[in-house]
Amino acid sequence: MIKNFHAALALWSVLAVGTLKAQPMESGKSDRIEITETMQPVNPEWFTGTGWIEMWMSDTETFGVSVGRVIFEPGCRNHWHKHPGSQLLIVTEGVGYYQERGKPVQVIRPGDVIAIYPGIEHWHGATPGSWFAHMALGINPEAGPAEWLEPVAEDYYENLNP
């Protein structure tokens, strides 16, 4: 219970400081999102395409939360994976996809919040025609790291029409 309170407090503090300023894009528009010098390339073993990540906070003892920003160029997506703790995604820019195993793909836009429960296999990333960015909040990251699975099949991704 306390860790959930701390996670909510951490989320509120990120939002209250004003660091999550969504820049709405028209559907299909491919405006580039600024990559800062503090961002690192994503691990190519876990992503298809090019993306960047910047971890802002990881405090498992006090808050039970990690906070990072991820940017995906058009067509970039992560592989299927699952978290032993839960995860919140807050879409800040662009247009992306989110899908849980066995469910239809969802189109996600700035302001959307995705709550991912522990152990749920999923993937997320940019649509083919848009840059995409989200904040990723790992809740109870002390439960362990993500388990990375297979890539999203190229022919499946290319034929998505949600």
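## Burial, pairing and a pocket

Author: Pro41 stands opposite Trp52 in E3. This is a predicted model: local features need pLDDT of at least 70, side-chain atom pairs count only at pLDDT 80 or more, and totals for chains, interfaces and linings use all residues. Residues are numbered from 1 along each chain as its sequence is written, and side-chain values use heavy atoms, with hydrogens and water left out.

Reader: How do you know that E1 and E3 pair?

Author: Two strands need at least two DSSP bridges to count as a pair. (The strands are DSSP runs of E, at least two residues, and helices are runs of H or I, at least four, numbered from the N terminus.) E1 and E3 are joined by two bridges and run antiparallel, so they meet the rule.

Reader: What is the strand order in the open sheet, and what makes a strand an edge strand here?

Author: Six strands with antiparallel pairing make up that open sheet, in the order E1-E3-E4-E12-E7-E10. Strand E1 (40-41) and strand E10 (113-116) are the edges, as each pairs on one side only. E10 gets its partner through four bridges to E7, again antiparallel, with Gln87 facing Ile116 across the pair.

Reader: What makes one face of E10 covered and the other uncovered?

Author: Look at which residues go where. Ile114 and Ile116 are on the covered face, and Val113 and Ala115 are on the uncovered one. That's a pattern you'd know: in a regular strand, side chains alternate between the two faces of the sheet.

Reader: Why is Arg69 called buried?

Author: Buried means a relative accessible area under 20% (exposed is over 50%, partly exposed is in between, with a 1.4 Å probe and protein chains only). Arg69 comes in at 14%, so buried it is. This residue belongs to strand E4, and its contacts (heavy atoms within 4.5 Å) beyond four places in sequence include Trp52, Ile53, Glu93 and His134.

Reader: How do you know that Arg69 and Glu93 make a polar contact?

Author: The test is a pair of N or O atoms within 3.5 Å; within protein, one must be able to donate a hydrogen and the other to accept it, and sequence neighbours count only if both atoms are side-chain atoms. The side chains of Arg69 and Glu93 are joined at 2.6 Å, so they pass.

Reader: What makes Glu100 buried, and which side chain does it make a polar contact with?

Author: Its relative accessible area is 15%, so it falls in the buried class. Glu100 lies in strand E8, and its side chain meets that of Tyr98 in a polar contact of 2.9 Å. Tyr98 in turn stands opposite His124 in E11, and strand E8 (96-100) pairs with E11 over five antiparallel bridges.

Reader: Why is E11 described as mostly covered?

Author: Five of the five residues in strand E11 (122-126) are buried.

Reader: Why is Asn140 called partly exposed, and what makes its phi worth a mention?

Author: Asn140 has a relative accessible area of 25%, so it lands in the partly exposed class. Its phi is near 60°, a positive value in a residue other than glycine. Most residues other than glycine have a negative phi. Asn140 is in the loop between E12 and strand E13 (147-148).

Reader: What makes something a pocket, and how big is the largest one?

Author: On a 1 Å grid over the protein atoms alone, a pocket is an open set of points with protein on both sides within 12 Å along at least five of seven lines, unlike a cavity, where a 1.4 Å probe fits but cannot get out; lining residues have an atom within 4 Å of a point. Volume is the space filled by probe spheres set on the points, which are joined across faces, edges and corners. The largest pocket has about 620 Å³. It is lined by 28 residues, and Ile53, His83, Gln87, Ala146 and Trp148 are the closest to its centre. Strands E3, E4, E7 and E12 each give two or more residues to the lining, and E12 gives the most, five.

Reader: How does that lining divide by residue type?

Author: Into 14 nonpolar, 14 polar and no charged residues. Here Ala, Val, Leu, Ile, Met, Phe, Trp, Tyr, Cys and Pro count as nonpolar, Asp, Glu, Lys and Arg as charged, and the others, Gly among them, as polar.
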